[in-house]
Amino acid sequence: MPEIALAVPNPLTALALFAGAAVVLALLAWPGWGLIARLRRAGDLSERVRLEDGLKHLYTLEAAAMPSSVDSLAGALGASRSRAVSIVRRLEETDLIRLETDNIVLTDEGRAYALRIVRTHRLWERYLADRTGTAPLEWHAQAERLEHGLSEDQVENLAASMGYPLYDPHGDPIPTAAGVLPPARGISLTALEVGQSARVIHVEDEPEELYRTIRRAGIHPGTLLRLEALEPTRVHLTVEGQPHVLEPLAARNLTVERVPASAAEMGVARLDSLHPGEEGVVVRLAGAVQGAQRRRLLDLGVVPGTVIRVELSSASGDPMAYRIRGAVIALRRAQADDILIRRQAHTEAA
Amino acid sequence: MIASPPAANCRGCGSREESLVQLGVAPGNWDILVALAGNPNTGKSTVFNALTGLRQHTGNWPGKTVTRAEGTFKHDGHTVKVVDLPGTYSLQAGSTDEEVARDFLLFGQPDVTVIVVDATRLERNLNLTLQVLEVTDRVVVLLNLMDEARRHGIGVDPKALERELGVPVIPAAARQGTGVPELRKAIVAVATGAIQPRPRRMSEHPPEVEQAIGEVLPAIAAAYPGLPNARWVALRLLNADDRVLQAVRSGELAALVPTGAEAPTAAVWATAGVDSGEGSPVATLLDALVDSRWRLSPDFHDQLTAGAFAEAERITAAVQVTGLRRVRVDLDKQLDRLLTSRWTGFPLMILLLALVFWITIAGANVPSAMLATLLIDNFHPVLQGFGATLGMPQWLNGLLFDGMYLATAWVIAVMLPPMAIFFPLFTLLEDFGYLPRVAFNMDRMFQRVGAHGKQALTMCMGFGCNAAGVVATRVIDSPRERLVAIITNNFSLCNGRWPTQILIASIFLGTLVPAHLAGIVSAAAVVGIALLGVLFMLGVSWVLTRTVLKGEATTFSLELPPYRPPRFWQTMYTSLIDRTLIVLWRAVVFALPAGAVIWLISNIQVGGSSIAAHAVEWLNPLGILIGLNGVILLAYVVAIPANEIVIPTILMLTVLVGGVAGVGPGDGVMFELDSVPAIGTLLREHGWTTLVGVNLMLFSLLHNPCSTTIYTIYKETRSVRWTSVATLMPVALGLVVCFLVAQVWRLLGA
């Protein structure tokens, strides 16, 4: 019989070869630091990309009223000084910048071009945040790569498909196709009066460590908070009903606008804290929930004033089922955590 | 992952007929167009079936993977076409379903819109109702599930609701058939103008909303004078509704003005298009919009929805009475407690699954044997004789009847009975309301691996048929999580693979226990492998969501409808017909060619032996390495089309290659032996060991999807890349797992 006559390969040899092949495959194809991924990243840095990144940097500095130079450009792009010099020369050749005594100034054309890139970048961030569920820490990095590949028509389509969004997920305004931006508003959190309630309208996403800290405190554009105390090394806040402490550096990265105390009630609990049989009245949805997720919850009836009753817990404890406006809806605990309520004093007999 | 922006397309440009064609409604001999809208779980499909009976057709909305049903009925000399819109909670474009519904109502301009409202959840349902009433006047509200309401002690006064809403309200219990004749009458009456609804519109929104509307209305009036629902359009624009925005820019909004309206400029727009250059009214409108939108408060939408619900609450309080009776409500609650409790929830679920498996296996045995006898034992020789009388050459006879016909007959005999039992059972559970509880219980597991809870449902569907499981993933809104569900659906052990598992388990594991336990061992083996498949599904989902499909979890909101006694006979009937047709289609389209290929490679001789023999020899080294053999590998290659023919092919190839005479009907013809021990002997004689048996069971679980599933995946994802991943990843995994098991087995054994 042919099958039996064949020799069975030595299992140890086979396993060893297999392990070797697996290691080689990992070195090549591992997402992130595999060889293939590295090659792709290197290919991204074409000349056009460098020029556009340069323009963006110059625009950012101009918007912040800070001077720009070849060195600042080199630093921002992570390039050598000589490369930065060649970028500046190219930009000047194409009339996108003007070289003044110790400053690099954008021409009108250059500014319009830069605004288009900024628009694309922020639209991509919005898209990544709303439609693809990319992690927040990745929005900026991925948008950095994606912003260079689109034609004007494609950018217009992208904006249209999302209904011409006004702000990116960090709270930065998205310029219109004509380059129009709204007037700047808001003040830094550190400039707020103690005891004042405010809504966060912008969260600076660099440096990454501070951004992470801010997000961990549950602070996003749209979050309501109240400044409790301002000390030299600590900033005390109540964030959507929970106390938090931030370091001043992080607090400076937050831009807020004042809201009346009545619109920002802080004596709230989370729906997540209720047990089966208990009831709560919705105060509002946390600012962390935005876009389509917020609308879905609103359409299900989670609006201020709705009475929600906890009906069931699932076999694994998560999600829980709630009676909302007559229907029983199951929500994950992470979502229930974003629903701010006032506990009801009495609970109905189960 | 998703890197290219979506393209714009122009819907609603031009006349209503053109709009309808683009929305997928073909012109025909109908004269009244009705849209059926409503929240999910309101019994809308029951109403649809009751209205249209068997004269309906299911398909997809153009360009989208959203199911669409349309049908017709005749009443009073009119032919009425009914289009079933997807169940939605509102008309905001939060999901594809809502987009589809909104587009149809806005640009399809149905003659009548029927809103199916659940009498037991009136308040929530009124949100959508009020939104629809903002778009169109010609509405009929069907107050469905009145019998449910009575059961729960809720009384709703249809006349009072009619007064509040200003449109006809028809009480109904569509499951019992009551209310449907009155609905037909009302539809025709509203369409012909015999009844003129005067909907009470939401005249007052919260003050900030009113202010914003007021800022934009003059510009809308300047750009599109005579627009009938200008306030609604204003709201949609302020809410950044992309379709309405596009419509404003391109001039399609003109399509919303009914023909013959007072506005003299309507005809002008329709023919000459709209001027949206600088300084034109449209451009001014867009500028005004940008301004207003920058100034809107961030919780504008919250306020809007809160206002809608306040109105819904007021109306409900005026028309509804609760607490009339409390019979049987406790049964619902008790059942829920039992099915979702920490201690009984999962055991009951596994028990139910095992029960469904057992009923399917046991129930399919006899019909499968009967079909096999009929199609194969009886009809096959008839066909061969027929061929002989016609004077067909031997090879043609073989190709047609031994290859193509046998493969098809096998698929039908093996597949039809289990599917005809499994899917009706599944639909019964769905009708009953149990399936959402399954997703409810299992969500945490799926959450931990980065997937969506509804994947539990698609996984269960996959136990019947993987292609059906892939289609079922439409319930998952997020594309990323949907892809995860699609790619891993293959690890649900589908009906077609159960015979392989049972047979191999009986031969290699069943012989280890006394005969009377062998049946239970078989069932247990299948359940065990199925659970192993679930583990793999969770594991692969975890890997996918950490590498190529990284992302955040999306909203998981699942409605748990009340338990309802399922409509037993209707479900049986429709499910049976559906499934039978699909199996027959699949058998013909995929199995027939497969049968041809199998016969050809087994009977065409090259250099002294058949192609199949060469292939087996060539594949043998690889096969032995991973603990299988060349016959199995070749069988799986040619049986890509359908899993059911794997065992017959294996037997045929074994006999062919092993050169055993006197077994089976002849060279190159698939067959099955009558007794399990006989098969066992045959295989063991050809070198099959327990390792081969175990690895075959593993490989059967982990190999590539069948061709129907691959085809369905492509249709659902429209992406060659992801279809390839879904096809190749399981087979790669299968090869690796078999390889590792073989080495470890040999290390331990040797």
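User: Why does B:Tyr711 count as partly exposed?

Analyst: This is a predicted model, and in it B:Tyr711 has 38% relative accessibility. Buried needs under 20% and exposed needs over 50%. The value for B:Tyr711 lies in between, so partly exposed is the label.

User: What makes B:Phe590 buried?

Analyst: B:Phe590 has 15% relative accessibility. That is under 20%, so B:Phe590 counts as buried.

User: Why is the pair of B:Tyr636 and B:Phe699 called edge-to-face?

Analyst: The ring centres of B:Tyr636 and B:Phe699 are 5.1 Å apart, and the planes are at 90°. The centres lie within 6.5 Å, so the rings pair; the angle is over 60 degrees, so the pair is edge-to-face.

User: Which parts of the chain does this pair link?

Analyst: B:Tyr636 is in helix H25 of chain B and B:Phe699 in helix H28 of chain B. The two residues are 63 residues apart.

User: Are B:Tyr636 and B:Phe699 buried or exposed?

Analyst: B:Tyr636 has 6% relative accessibility and counts as buried. B:Phe699 is buried too, with a relative accessible area of 3%. Both values are under the 20% cut-off.

User: How many aromatic pairs are there over all chains?

Analyst: The count comes to 15. One of them joins B:Phe590 and B:Tyr711, with ring centres 6.3 Å apart and planes at 55°. B:Phe590 lies in helix H23 of chain B and B:Tyr711 in helix H29 of chain B, so the pair ties together parts 121 residues apart in sequence.

User: What makes B:Arg437 a charge over a ring?

Analyst: The charged end of B:Arg437 sits over the ring of B:Tyr563, 4.1 Å from its centre. The distance limit is 6 Å. B:Arg184 sits over the ring of B:Phe73 in this way, 5.4 Å from its centre.

User: Why is helix H20 of chain B described as largely enclosed?

Analyst: 9 of its 10 residues are buried, so the rest of the structure largely encloses H20(B). Among the buried residues are B:Arg480, B:Glu481 and B:Leu483.

User: How do you know that strands E11 and E12 of chain A pair?

Analyst: They share 5 bridges, in the antiparallel sense. Pairing needs at least two bridges, so E11(A) and E12(A) qualify. A:Leu312 has A:Ala321 as its bridge partner.

User: What covers the other pairing of E12(A), with E13(A)?

Analyst: E12(A) and E13(A) also pair in the antiparallel sense, over 5 bridges. A:Met320 is bridged to A:Leu331. In their hairpin, A:Arg325 takes a positive phi near 50°.

Technical notes:
Residues numbered from 1 in each chain as written. Chains lettered and ligands numbered in written order. Predicted model: local features only at pLDDT ≥ 70, side-chain atom pairs only at ≥ 80, totals over all residues. Heavy atoms only, no water. Buried < 20%, exposed > 50% of the residue type's maximum accessible area, 1.4 Å probe, protein only. Helix = DSSP H or I, 4+ residues; strand = E, 2+ residues; numbered from the N terminus. Phe/Tyr/Trp six-rings, centres within 6.5 Å; stacked < 30°, edge-to-face > 60°. Lys NZ or Arg CZ within 6 Å of the ring centre and 35° of its normal.
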